[in-house]
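Visitor: I would like to go through this entry term by term. Please set each value against its definition.

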Amino acid sequence: MGMVVAETDTRPCSGVSRTRENQGAMSTDGGAVQLTLGDRAALAVEAYRMGVTDPFTEVVTEITPVLWHLVRAQNVPRELAEDVVQGVWLAFVRNAATLRDPQGALKWLLVTARRAAWEAVRKHREAERRAEALPEDEVHGGPPSTEPGPEDALLLSERDRVLWRNVRALPERCQEIVRIMAFADRASYKDIAEATGMGVTSVGATRGRCLDKLRTLLASDEGWGSHG
Amino acid sequence: MAEHFEGQEPLLQDVRGLFRRVDPVPDGLVEMSLFAVMIEQLHAEAGTVELEHVETPELVARSNEASEREIVRTGTITFACEPVTVMINLSESPTGMLCVDGWVAPAAQYRVELYQPGARVTVDSDEDGGFVLLDVPEGPSCLALRRVDGEGPTVCTPVIEL
């Protein structure tokens with residue numbers, strides 16, 4: 001039966017027109033060229049236009065976690081976040097034919113997901129307000145929590161709990177950036193920074209700053225010292 | 001698929017591990033996304049031969065929203081789109097999954113494809129348009145039919161929740 005999500009070692013490796021800023025991002029591994037996420041997204045668009053969907057399937061598998069964490073970082077409830085991510089992929093294929101620069105595909109996905117997440121949050125809050133306005137509303141149980149529940153917290157190791165506590169102590173923007181970066185490759189940091197509203201020039205600095213802040217926080221956390 | 005994390009800073013690896021545990025990507029999200037895209041493609045394809053619209057009986061919702069989709073477990077459903085009519089009869093198979101008996105008119109041999117998240121099954125009907133799909137799991141589903149001789153357009157059903 002299985003048609004999608006076949007994990008394969010074969011990698012698409014031709015047909016991508018590289019832009020200057022991505023050339024430096026190419027990494028080599030034992031002589032084999034590794035395409036970045038951005039390259040693979042670009043390739044998927046070009047292949048998709050020719051009716052070849054395998055690269056697209058791979059890219060959905062690889063980038064869905066990035067989109068998921070980007071959307072969740074905007075405080076979209078889990079169930080709603082599933083719809084948002086699916087909607088982003090649908091929008092992506094609808095736009096694949098007209099996307100002017102395939103190399104911009106990854107950034108397009110990130111920007112679209114972020115906007116869709118805000119829209120989802122806005123609608124969700126509106127719906128909540130309407131629900132609150134209803135007298136004797138028994139269904140309403142407060143805003144949905146985006147924090148892990150106490151059950152989840154219990155399942156976490158001490159090390160995870162310390163890390164979680166310190167990640168939560170970062171400024172919101174840093175939390176978002178660190179979270180998304182953790183699921184992407186290095187070459188995507190530029191796209192992530194742009195999509196999250198950072199200036200291009202401050203990308204490296206911002207990434208470094210956020211990670212450094214986290215490092216500093218962890219260094220002064222006794223709990224981390226014994227685990228890290 | 002871990003290749004793009006090679007060389008990642010250890011602290012980011014820790015962060016990734018943390019978020020995988022506190023807020024994991026839901027099971028099936030990739031498959032559902034691909035399914036939604038596949039259905040979109042299917043419709044776009046049918047659209048190119050001007051048969052995008054498939055008439056559905058009242059029993060089956062037309063919506064792509066899972067919450068508005070009607071759940072169909074047993075009985076007969078008819079789909080019609082001039083000149084093609086598809087009837088499927090659902091029953092429970094001995095394994096507890098679903099058995100889909102179908103007929104297509106006008107009589108001819110059809111290639112029948114059942115799309116579900118993460119799966120696609122293809123069978124050819126007999127020359128009278130009869131086909132059987134055994135052990136079909138429950139879930140959102142879409143049937144696409146093309147005549148084996150290449151005549152006529154591809155027709156597809158709306159997404160139904162089997």
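Visitor: Which residues does A:Ala113 touch, not counting residues up to four places away in sequence?

Guide: A:Ala113 touches A:Leu67, A:Leu70, A:Val71, A:Val84 and A:Val88, with residues up to four places away left out. Two residues are in contact if their C-beta atoms, placed from the backbone, lie within 7 Å. This is a predicted model, in which local features need pLDDT of at least 70 and side-chain atom pairs count only at pLDDT 80 or more, while totals for chains, interfaces and linings use all residues. Residues are numbered from 1 along each chain as its sequence is written, and chains are lettered from A and ligands numbered from 1 in the order in which they are written.

Visitor: What is A:Thr112 in contact with, leaving aside its neighbours within four places in sequence?

Guide: A:Thr112 is in contact with A:Val88 and A:Ala91, neighbours within four places left aside. A:Thr112 lies in helix H5 of chain A. Helices (H or I, at least four residues) and strands (E, at least two) are DSSP runs, numbered from the N terminus. A:Thr112 and A:Ala44 are 68 residues apart in sequence, and their C-alpha atoms are 17 Å apart in space.

Visitor: Why is A:Thr112 called partly exposed?

Guide: A residue is buried if 20 or more other C-beta atoms lie within 10 Å of its own, exposed if 12 or fewer, and partly exposed in between; C-beta atoms are placed from the backbone. A:Thr112 has 19 other C-beta atoms within 10 Å, so the term is partly exposed.

Visitor: Why does B:Phe79 count as buried?

Guide: B:Phe79 has 23 C-beta neighbours inside 10 Å, so B:Phe79 counts as buried. B:Phe79 lies in strand S1 of chain B.

Visitor: How many of the residues of chain A count as buried?

Guide: Of the 228 residues of chain A, 37% count as buried. The secondary structure of chain A comes to 11 helices and two strands.

Visitor: What makes the largest nonpolar core a core, and where does it lie?

Guide: A nonpolar core is a set of buried Ala, Val, Leu, Ile, Met, Phe, Trp, Tyr and Cys residues joined through C-beta atoms within 7 Å. The largest one has 92 residues, and those with the most contacts inside it are A:Ala41, A:Leu67, A:Val71, A:Val84, A:Leu109 and A:Ala113. Domain 1 (20–133) and domain 2 (147–228) of chain A both give residues to this core, so it lies between them.

Visitor: How do you know where the domains of chain A are?

Guide: The bounds come from an automatic or database domain assignment. For chain A that assignment gives domain 1 (20–133) and domain 2 (147–228). Their contact takes 16 residues from domain 1 and 14 residues from domain 2. On the side of domain 1 that touches domain 2, H5(A) gives the largest share, five residues. By class, this side has nine nonpolar, four polar and three charged residues. Ala, Val, Leu, Ile, Met, Phe, Trp, Tyr, Cys and Pro count as nonpolar, Asp, Glu, Lys and Arg as charged, and the others, Gly among them, as polar.

Visitor: How many residues does the contact take from chain A and from chain B?

Guide: It takes 42 residues from chain A and 31 residues from chain B. The largest share of the side of chain A that touches chain B, nine residues, comes from H3(A). That side divides into 23 nonpolar, seven polar and 12 charged residues.

Visitor: What makes S1(B) and strand S2 of chain B a pair?

Guide: Two strands pair if DSSP finds at least two bridges between them. Seven bridges join S1(B) to strand S2 (residues 84–92) of chain B, and the two run antiparallel. B:Thr78 stands opposite B:Met87 in S2(B).

Visitor: Why do strand S1 and strand S6 of chain B stand at the edges?

Guide: The open sheet has four strands in the order S1-S2-S3-S6 (chain B), with antiparallel pairing. Strand S1 (75–81) and strand S6 (130–136) of chain B each have a single partner strand, so one side of each is left without a neighbour in the sheet.

Visitor: How many bridges join strand S7 of chain B to strand S8 of chain B?

Guide: S7(B) and strand S8 (residues 155–156) of chain B pair over two bridges in the antiparallel sense. In S8(B), B:Val155 is the bridge partner of B:Leu145. Strand S4 (residues 110–116) of chain B is joined to strand S7 (residues 140–147) of chain B by six bridges, also antiparallel. The partner of B:Val112 in S7(B) is B:Leu145.
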